[in-house]
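User: I would like to go through this model with you. Could we begin with the ligand surroundings?

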Amino acid sequence: MPATADGTTLDIDRAGTRPRALIDPFRRAITYLRVSVTDRCDFRCAYCMSEHMTFLPKADLLSLEELDRLCSAFVDKGVNKLRLTGGEPLVRRGIMTLVSSLSRHLKTGALKELTLTTNGSQLAKYAAEIKGHGVERINVSLDTLDADKFRAITRWGDLDKVMAGIDAAQAAGLRVKINAVALKGVNEDEIASMLEWAHGRDMDFTVIEVMPLGDVGEARLDQYLPLSMVRSRLAERYTLEDIDYRTGGPARYVRVKETGGRLGFITPLTHNFCESCNRVRITCTGTLYMCLGQDDAADLRGPLRASESDDALYAAIDHAIGRKPKGHDFVIDRRHRNPALSRHMSVTGG
Ligand SMILES: C[S@@+](CC[C@H](N)C(=O)[O-])C[C@H]1O[C@@H](n2cnc3c(N)ncnc32)[C@H](O)[C@@H]1O
Ligand code: SF4
């Protein structure tokens, strides 16, 4: 049996020819797939999109059935955690059909977790249904508790709706984690109060460093706030205890002694988490990105549509995973203030 970077062994499929699991050239097992189900969104967060985004023609999108088939091919090949994201996943028409059909892999045990990342705007409508399909935890992105500031950051968002969505999610029994992007001069003075609010409601809280992806029409250098600074400021007020807790993602967690809650940091610019990377991303058009910080990608829509059998798809996935790079190197181009990568976060879903 092939052994992975962490020393675990992997099953071989029945034919004994194709490894069930996806192992990249650096012996990392790929077990986590993030799927952007739409590039559209009902918000226009200033760090994520420009106000006047051009979205993909609907005809380019994979249908819900195709998304299901693609995700299921990855599950066949050992992916055990699936996150739906976007754009805003809950604005994709018929999205509950996809959640429902993917939940069959939870029932068989092939998937350990089916989850989603949402801006919360549609959660009041969908929370109970999401929970009913076996989703246990979700991430809600929220950068401020101030309604005016919320409107300024998201351009189109309504904080009350998101709050109602979080209430509905908790009432439905979903575990909620709050993710906030740390923005210099925007919400940096609110991080402590957001942490207290989240922990007071029994929600984990994670701070994300802003990443240089896509042209958003604003000077990104002005938004960049290193999390080392966020952390040292919080450490003046709270006792931050390092803990081992990992969710299979890049966040490093501490326990805040005073609140008893968990605080996560995602720092792609100042900290390298590539050694333990177990994830790949697919876009709503079926493009596979092997690394969030690199441009290399593989088209899976072609092989998906080429035949009803999944063999060509499996082969294309294997070939792409064989090119997964060792790591990334984000740089904000300080001279020209250009993004390190031209695609927006809404393409790959973060
Ligand atoms: C692209 S959104 C997609 C899912 C959903 N619309 C949401 O906002 O949660 C996923 C995450 O990426 C984050 N994000 C978007 N652009 C970012 C950037 N340039 N740097 C860091 N995080 C970013 C968002 O704050 C959000 O938490
Ligand atoms: S971060 Fe999420 S909610 Fe905000 S514009 Fe991007 S996709 Fe939409």
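User: How many nonpolar, polar and charged residues are in the shell around ligand 2?
Analyst: The shell around ligand 2 has 5 nonpolar, 2 polar and no charged residues. Nonpolar here covers Ala, Val, Leu, Ile, Met, Phe, Trp, Tyr, Cys and Pro; Asp, Glu, Lys and Arg are charged, and the others, Gly among them, are polar.

User: Which residues surround ligand 2?
Analyst: Cys-41, Phe-43, Cys-45, Cys-48, Met-49, Gly-87 and Asn-119 do, taking a residue as near if one of its heavy atoms lies within 4 Å.

User: What should I know about the model and its conventions?
Analyst: This is a predicted model, in which local features need pLDDT of at least 70 and side-chain atom pairs count only at pLDDT 80 or more, while totals for chains, interfaces and linings use all residues. Residues are numbered from 1 along each chain as its sequence is written, chains are lettered from A and ligands numbered from 1 in the order written, and side-chain values use heavy atoms, with hydrogens and water left out.

User: Where does Arg-27 lie?
Analyst: Arg-27 is in the loop between strand 1 (22-23) and strand 2 (29-30), strands being DSSP runs of E with at least two residues, and helices runs of H or I with at least four, numbered from the N terminus. Arg-27 is not a glycine, yet has a positive phi of about 65°.

User: Is Asp-202 buried or exposed?
Analyst: Asp-202 counts as exposed, at 51% relative accessibility; the classes are buried under 20%, exposed over 50% and partly exposed in between (1.4 Å probe, protein chains only).
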